[in-house]
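These are my notebook entries on a single structure. I set down what I looked up, entry by entry.

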Amino acid sequence: MLSSLRSQLSDPDSLISDPTGYESYFHDATTHRAVPAGILIANQVEDICAAVRFCRRRGIAVTMRGAGTGLSGGCVAAAGGLVISTERMTSVRIDAPARRAICEPGVITKQLQDDAARYGLFYPPDPASLAECTLGGNVAEGAGGLRCKRFGVTKDYVIGLEAVTAESELLKTGVFNDNRGLSIGDVLIASEGTLAILTRIAVRLIPIPPRGITILAAFPHMRNAAQTVTDITTAGIVPTVMEFIDGAAAEASNRYEKTAGLDQAGAILLLETSGEDAVAQLDAIGTMCRQNKAALIRTEPDPARAESLWAVRRNVSKAIKAMAAYAVSEDVVVPNSRFPDLVEFVAERNSASPLIINSFGHAGDGNLHVYYASSDGSENDRRLIEQEITLLMRKTLEFGGTITGEHGVGLAKRDFIRLEFDAPTLGVMRAIKEVLDPSGLLNPDKLFPPAIV
């Protein structure tokens with residue numbers, strides 16, 4: 001059926017009607033996997049319009065895909081149908097006088113940062129996968145990053161969106177329609193491809209800020225490190241970066257790439273001061289670390305040499321995946337005051353479970369990533385992981401938090417969404433979906449539990 005779409009595309013060969021041999025398009029960075037009926041690697045917005053029009057008339061589901069680095073199953077075609085990849089749509093135009101960039105959705109996040117830097121400008125959001133992930137995926141999933149506490153997350157920089165609707169029409173918001181009318185763009189951000197298909201993104205840029213001093217502090221116990229996070233935030237100090245890594249995760253990272261002094265750490269904090277007040281922040285943070293019994297404090301003002309310290313954080317996910325036969329990553333957020341309670345809960349579950357349960361994340365805004373790993377990938381371990389994830393979600397909400405910070409809901413968390421939102425709120429979300437996608441063909445299996453769809 002999809003083969004007849006070829007004649008409507010700018011490049012007929014961009015449509016893959018037999019996905020055999022294209023397994024990389026069947027999954028993202030999760031364990032979720034599904035085989036689509038076909039794959040379109042779009043070259044331009046007209047290709048997307050033609051494909052959506054074709055699929056709507058035939059009742060074929062459409063799933064959008066960027067680089068496939070997501071951690072929610074958001075780009076997995078669980079409903080079958082057509083996967084549309086925007087990986088070839090990579091144009092970037094930097095408007096230096098206006099301090100903004102106009103990008104296609106397939107632009108790699110680091111490429112945008114590098115292009116902006118040539119003009120003395122800066123795009124702050126920095127997901128851990130920034131060298132691979134796309135801007136379209138970042139907007140669709142509501143991505144954050146290491147610098148989110150001081151500079152904000154993706155949504156704080158989006159100033160305009162262009163998107164293809166389920167009716168194959170172009171919807172323009174923000175700077176693309178002179179900022180008039182309702183703020184529809186805010187609804188599209190983090191909607192996970194369920195409302196419209198992003199084709200152009202305008203983002204705000206800022207002058208490159210001065211680089212601060214990197215601090216690595218190791219603590220004998222996780223609660224000491226977590227309490228230091230609370231103390232720093234309570235004092236009104238806002239570092240550019242404040243990352244927490246529990247002892248088990250630090251040990252795994254240290255085995256992956258050795259960092260002196262971390263062999264016996266119960267937890268570590270990695271921080272970067274915020275430039276202008278760097279020295280004053282360094283003194284205050286150092287005092288709080290010592291008050292919370294830090295066993296090791298290392299500082300590095302030189303950004304190049306500081307990269308060896310940051311390797312501990314960048315290597316965590318790779319290290320855990322390397323030692324596990326099966327692993328699942330979840331992200332949750334709690335108020336800063338409950339961050340020590342959350343990391344302690346995760347540590348207790350690690351002790352009580354036969355699984356390996358590690359935690360790390362953007363401590364400054366209470367965002368914790370929890371990795372569940374099995375050494376053999378057995379069915380029993382997979383069931384245990386599902387049970388542990390349910391415990392994590394319930395405990396997070398008990399602490400006044402939310403079930404996802406930046407990964408999105410997708411397939412991975414759609415069954416938990418009822419735990420956080422009441423029926424009237426879910427009803428409004430569903431009503432918006434019905435207005436923008438009346439046929440229910442845009443990523444139909446994501447975000448909402450099946451009973452709500």
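**Entry 1. Gly364**

I began with Gly364, which counts as buried because its relative accessibility is 4%; buried means under 20% relative accessible area, exposed over 50% and partly exposed in between, with a 1.4 Å probe and protein chains only. The model is predicted, so I note that local features need pLDDT of at least 70, that side-chain atom pairs count only at pLDDT 80 or more, and that totals for chains, interfaces and linings use all residues. Residues are numbered from 1 along each chain as its sequence is written, and side-chain values use heavy atoms, with hydrogens and water left out.

I located Gly364 in the loop between β17 (356-362) and β18 (367-374). Strands here are DSSP runs of E with at least two residues, helices are runs of H or I with at least four, and both are numbered from the N terminus. I then listed what Gly364 touches, not counting residues up to four places away in sequence: Lys149, Thr233, Met242 and Asn336. Contact means heavy atoms within 4.5 Å. I also looked up the separation of the C-alpha atoms of Gly364 and Ile201, and found 27 Å for two residues that are 163 apart along the chain.

**Entry 2. Helix α6 against α11**

I next asked at what angle α6 and α11 cross. The axes of α6 (residues 222-234) and α11 (residues 339-352) cross at roughly 160° and come within 8 Å. Axes are lines fitted to C-alpha atoms, for helices over the stretch in contact, and angles run from 0 to 180 degrees between N-to-C directions. The two helices are therefore roughly antiparallel to each other, a term for angles over 145 degrees; under 35 counts as roughly parallel, 65 to 115 as roughly perpendicular and the rest as oblique.

On the α6 side the contact is made by Met222, Arg223, Ala226, Gln227, Val229 and Thr230, and on the α11 side by Phe339, Pro340, Asp341, Val343, Glu344 and Ala347. Sorted by class, this contact has seven nonpolar, two polar and three charged residues. Ala, Val, Leu, Ile, Met, Phe, Trp, Tyr, Cys and Pro count as nonpolar, Asp, Glu, Lys and Arg as charged, and the others, Gly among them, as polar.

I followed up Thr230 of α6. Thr230 counts as buried because its relative accessibility is 10%. Leaving aside neighbours within four places in sequence, Thr230 is in contact with Asn336, Ser337 and Pro340.

**Entry 3. Helix α6 against α8**

I found α6 and α8 packed at an angle of about 145°, with their axes 9 Å apart. Here too α6 makes a right-handed crossing, now past α8. The residues in contact are Thr228, Asp231 and Ile232 of α6 with Ile285, Met288 and Cys289 of α8. By class I noted four nonpolar, one polar and one charged.

**Entry 4. Aromatic pairs**

How many aromatic pairs does the structure hold? I counted five. Rings of Phe, Tyr and Trp (its six-membered ring) pair if their centres lie within 6.5 Å; planes under 30 degrees apart count as stacked, over 60 as edge-to-face and the rest as tilted.

I examined Phe122 and Phe151, whose ring centres are 5.9 Å apart and whose planes stand at 80°, so the pair is edge-to-face. Phe122 lies in strand β7 (residues 121-122) and Phe151 in helix α4 (residues 148-151), so the pair ties together parts 29 residues apart in sequence. Both Phe122 and Phe151 are buried.

I then examined Phe244 and Phe339, an edge-to-face pair with 5.5 Å centre to centre and 90° between the planes. Phe244 is in strand β13 (residues 241-246) and Phe339 in α11, so this pair ties together parts 95 residues apart in sequence. Phe244 and Phe339 are buried.

**Entry 5. Positive phi values**

Most residues other than glycine have a negative phi. I noted a positive phi of about 65° at Ser168, in the loop between β8 (158-164) and β9 (170-174). Ser168 is buried, with a relative accessible area of 9%. Lys293 likewise has a positive phi, near 70°, and lies in the loop between α8 (278-291) and β15 (296-300). Lys293 is exposed, with a relative accessible area of 59%.

Note on methods
A crossing is left-handed if the near helix is turned anticlockwise from the far one by less than a right angle, and right-handed if clockwise.
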